[in-house]
Amino acid sequence: MVALLAGCGGGDQLSGEAASGEDLYRSLGCAQCHSTSPGVAIHGPSWAGLAGSEVTLADGTTVTADREYLERAITDPDADLTEGYGDRAIMPTVPVEPDQLDALVAYIESLGEPSNEG
């Protein structure tokens, strides 16, 4: 039942890779700058509804926050600077193993679909 709830975005219970990603979100310090509440930006964009959303970059182009984008944003924060966050990344480069990267992306994806907010 927990897996069903996590898959449907209901409840606070995560399992498997997404649960590992949530643990990493806390232990690697991601939570200090990225909220998991919709529309709440701390020092960086909220992760709520990020996966699959359209992201406007500092140069005015837009990209879809697909798996490739999310992985790049984590491993090379200077690659695609998000509009409204300056002309260089304030996010440190945090070395992560491939399995940790997969877990972090799974956690971001578990935080829901994009909303219709601007």
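A crossing of two helices is called right-handed if the near helix is turned clockwise from the far one by less than a right angle, and left-handed if the turn is anticlockwise. Keep that in mind while you look at this predicted model.

Let's start with helix α3, which passes α4 in a right-handed crossing. On the α3 side, the contact is made by R67, L70, E71, I74 and T75. Helix α4 brings L101, D102, L104, V105, A106, I108 and E109. Sort these residues by class and you get seven nonpolar, one polar and four charged.

Helix α4 also packs against α2. Here E17, A18, S20, G21, E22, L24 and Y25 of α2 meet Q100, D102, A103, L104, A106, Y107 and S110 of α4. This contact divides into seven nonpolar, four polar and three charged residues.

Here is the geometry of the two pairs:

| Helix pair | Angle | Axis distance |
|---|---|---|
| α2 (residues 16-27) and α4 (residues 98-110) | about 100° | 7 Å |
| α3 (residues 67-75) and α4 | roughly 120° | within 10 Å |

So α2 is roughly perpendicular to α4, while α3 and α4 are oblique to each other.

Terms used: Residues numbered from 1 in each chain as written. Predicted model: local features only at pLDDT ≥ 70, side-chain atom pairs only at ≥ 80, totals over all residues. Heavy atoms only, no water. Axes fitted to C-alpha atoms, helices over the stretch in contact; angles between N-to-C directions. Helix = DSSP H or I, 4+ residues; strand = E, 2+ residues; numbered from the N terminus. Parallel < 35°, antiparallel > 145°, perpendicular 65-115°, else oblique. Contact = heavy atoms within 4.5 Å. Nonpolar A, V, L, I, M, F, W, Y, C, P; charged D, E, K, R; others polar.
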